[in-house]
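Hi there,

Here is the structure I promised to pass on. Please open it alongside this note and have a look around.

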Amino acid sequence: MMLFREAVERYHLNTRTPVDRFFLPEESDFLASIGQQPGELHGFIQDYAVLGEPSPSSALLIAATRRSFFLTAQRGISGNAAPVKAANLPPETDEFQEIAYLPRIIRKAEAKLFGTLDATVMYPDAKDRQFLREHGDIHPNDFLQLVWSTRSDRQKIITAVLNAIQQQEGQDNLPTPAQSQETPVSSPASAPTGQTPKQTELNLG
């Protein structure tokens, strides 16, 4: 977390510093030890500095999932697989179960897990985050863990996303206090205060 915040401050001081010169040698060594490429983290830093998201905590969660996969499934060995570039990803219009973009984000999450995502491609970029918000309000790290836990089983992933969408739609259709017949119109003080909706928990069932 400290590395992320210090890097954000560094980015604000000079937004034009090339990625290959942005991190200190000891920072690059640390990133390599957890299976993270400097370009990956730089994408998070740039988005947070400019757009305010993803949050430092989200970046940490995603890095932790990648680290766990790197140290357990890959036994700390990155391999020499060819990087997955933007041109190698499914088009944004490709569909699974009539859900456009889903094939693309699954492939990006796979590459993120395996550490083969090209440094010029970010998971989750702004389009990924928007897709996940609009299709079940799924946290990007939850989706990454879903891809891992299902071993990229497309049908299981689709089922989990469809369940999340149904849950999100159910929450959206809940009556507000003003619409509910159980809330006296003459007693607004008795109405429950608004709460920030939580992101959907993924369910494979």
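Below is what turned up, grouped by region.

First, some ground rules. This is a predicted model, in which local features need pLDDT of at least 70 and side-chain atom pairs count only at pLDDT 80 or more, while totals for chains, interfaces and linings use all residues. Residues are numbered from 1 along each chain as its sequence is written, and side-chain values use heavy atoms, with hydrogens and water left out.

**Aromatic rings**

A pair of aromatic rings is described by the distance of the centres and the angle of the planes. Rings of Phe, Tyr and Trp (for Trp, the six-membered ring) pair if their centres lie within 6.5 Å; planes under 30 degrees apart count as stacked, over 60 as edge-to-face and the rest as tilted. The structure holds five aromatic pairs. One of them joins Phe-69 and Phe-114 edge-to-face, at 4.8 Å centre to centre and with 70° between the planes. Phe-69 sits in helix H4 (residues 56-72) and Phe-114 in helix H5 (residues 102-114), so this pair links distant parts of the chain, 45 residues apart. Helices (H or I, at least four residues) and strands (E, at least two) are DSSP runs, numbered from the N terminus.

Phe-69 also forms an edge-to-face pair with Trp-148, at 5.2 Å centre to centre and with 80° between the planes. Because Phe-69 lies in helix H4 and Trp-148 in helix H7 (residues 140-149), that pair ties together parts that are 79 residues apart in sequence.

Phe-69 is buried at 5%, Phe-114 is partly exposed at 41%, and Trp-148 is partly exposed at 29%.

**Helix packing**

Helix H1 (residues 2-13) and helix H2 (residues 25-33) pack at an angle of about 135°, with their axes 13 Å apart. Axes are lines fitted to C-alpha atoms, for helices over the stretch in contact, and angles run from 0 to 180 degrees between N-to-C directions. H1 and H2 are therefore oblique to each other (under 35 degrees is roughly parallel, over 145 roughly antiparallel, 65 to 115 roughly perpendicular, the rest oblique). Leu-3, Glu-6 and Arg-10 of H1 make the contact with Glu-27, Phe-30 and Leu-31 of H2, where contact means heavy atoms within 4.5 Å.

H7 and helix H8 (residues 154-172) pack at about 145°, with their axes 9 Å apart. Here Phe-143, Leu-146 and Val-147 in H7 meet Ile-157, Ala-160 and Val-161 in H8.

Lys-112, in helix H5, is buried at 1% relative accessibility. Not counting residues up to four places away in sequence, Lys-112 touches Gln-36, Glu-40, Phe-44, Ile-62, Arg-66, Leu-117, Tyr-123 and Leu-144.

Glu-95 lies in strand E1 (residues 95-96) and is partly exposed, with a relative accessible area of 48%. Leaving aside neighbours within four places in sequence, Glu-95 is in contact with Ala-100 and Pro-103.

Terms used:
Buried < 20%, exposed > 50% of the residue type's maximum accessible area, 1.4 Å probe, protein only.
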